[in-house]
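Trainee: I would like to learn how to read a few features of a protein model. Please start with strands.

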Amino acid sequence: MKRNKTFNTFLMFIAVFMTLTTAYFVNKIALRNNVSSKYQAELNLYGARLSDKVFATVKKTEEAKRGNMYSTEYKFTISNIDSGDISNWKVFLAMPEGVKVENTSDVEFYNFGNDSSAVAFTPIYYNLSIASKGSIDFNVLFSSDKPYYPGNIDFVGYQLLYNYYTHINRTIGILFLLWMIAFVGFLVTKMNLRSYEEKQKNDVKLVLQSMNTFINFIDAKDPYTRGHSRRVAMYAAEIAKRKNLSEEEIQNIYYAGLLHDAGKISVPDAVLNKPGKLTDEERKLIQNHTVAGGKMLKQMSSLKGVRETALYHHERYDGKGYPEGLKGDAIPLYARIVGVADSYDAMSSNRVYRRHLNKDDIIEEIQRGTGTQFDPELVKYMVDMINDGYVNVVKMETADDDDQSNDFNITENDVPGVYMGY
Ligand SMILES: [Fe+2]
């Protein structure tokens with residue numbers, strides 16, 4: 001699920017990138033041939049503002065009269081008063097009856113309309129554009145039967161909307177920059193997380209290697225309880241899970257379960273494996289495995305609750321346990337959980353001095369301990385686990401280790417929650 005999320009985030013980055021790139025090119029292409037503007041105005045002596053982009057003036061430069069005919073030259077000036085070049089332009093001029101274009105300079109002309117009622121002027125050089133804030137001039141020589149002054153003028157041109165174009169591109173640029181920052185941030189975070197996960201896995205490996213060594217020591221002392229540590233760890237972790245503790249706590253409780261009997265190393269073999277009844281002295285030696293375990297695990301302070309669990313897992317809820325006679329909630333939670341799991345495993349496995357009890361007897365025995373030996377809430381979970389068969393799953397999973405080798409090896413897969421999050 002974590003990997004999917006990372007992948008989805010990555011896809012999202014790619015999608016945004018594609019969108020921005022597409023927007024950039026669409027903008028570029030769409031605006032290349034954009035905007036046709038047709039401006040029309042009546043010219044007068046002062047010129048005409050054809051639109052907010054174009055201004056035109058017309059000035060008489062020469063006038064002559066030959067016979068009945070007038071010959072008049074005018075200079076047209078078209079000014080581009082906006083930003084952005086205007087290209088592909090044409091000027092259309094209405095031609096009253098009796099007026100004709102004789103000659104032009106700088107533009108070509110052709111008659112326009114069915115009855116030549118208009119004339120069009122275009123630049124001689126194809127697509128000569130009028131630069132922003134610039135202007136072009138052209139001269140036209142008219143002949144007419146009476147004095148003539150150019151009147152109605154149409155200007156058609158195409159303008160690249162540089163402002164708009166630049167504006168959009170600038171926005172895309174800024175978005176792209178933001179995208180880059182976010183993407184680099186995302187990659188750096190991912191890389192950090194990966195190295196953190198790797199480090200965490202190595203840490204887990206290190207912990208497990210030390211634990212395996214430790215547990216093999218414990219089991220070597222007491223072959224009858226081989227597999228005990230691992231089963232207790234699994235029961236305890238399951239109780240923690242049913243109690244809705246966090247992944248981290250479940251993991252800690254698992255470790256605490258694995259090491260709860262570490263102190264047994266300090267108990268002499270002869271006492272630990274004695275089949276008959278124990279003397280008071282011997283009982284004390286065995287009971288001392290809690291204190292010895294607590295001392296031994298003092299160094300493992302980085303694994304929360306491990307030391308306390310070894311020290312207090314034989315405390316009783318009514319305060320009649322050992323070594324300190326702690327009562328109720330004064331007994332650390334991990335120790336209470338491991339206490340129940342430990343007792344269940346003792347009842348359900350063969351010991352040097354007795355065979356295991358059957359299921360109903362075990363349930364009865366555990367329930368009898370409610371509030372006296374055990375925390376009542378935890379009894380409930382343990383009995384559920386017996387009834388719904390979870391305990392049998394644990395026994396099956398640990399059976400191989402019991403039968404085939406003297407030492408067993410706990411791997412990352414055995415530890416609950418190791419790969420469930422970080
Ligand atoms: Fe113990």
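Mentor: Two strands pair if DSSP finds at least two bridges between them. Strands (E, at least two residues) and helices (H or I, at least four) are DSSP runs, numbered from the N terminus. This is a predicted model, where local features need pLDDT of at least 70, side-chain atom pairs count only at pLDDT 80 or more, and totals for chains, interfaces and linings use all residues. Residues are numbered from 1 along each chain as its sequence is written, and side-chain values use heavy atoms, with hydrogens and water left out.

Trainee: How many bridges link strand E6 to E9?

Mentor: Six; strand E6 (residues 99–105) pairs with E9 in the antiparallel sense. Threonine 104 is opposite valine 140 of E9. Strand E4 (residues 69–80) also runs antiparallel to E9 (residues 135–144), with ten bridges.

Trainee: Which residues coordinate the iron ion?

Mentor: Donors are N, O and S atoms within 2.8 Å of the metal (3.2 Å for Na, K and Ca); water is not among the atoms, so sites may look incomplete. Here Asp261 (OD), His289 (NE2), His313 (NE2) and His314 (NE2) coordinate the iron ion at 2.2 to 2.5 Å.

Trainee: Is histidine 313 buried or exposed?

Mentor: Buried means under 20% relative accessible area, exposed over 50%, and partly exposed in between (1.4 Å probe, protein chains only). Histidine 313 is buried because its relative accessible area is 3%, whereas histidine 314, at 22%, is partly exposed.

Trainee: Which residues of H11 are buried?

Mentor: Among them are Leu378, Tyr381 and Met385.
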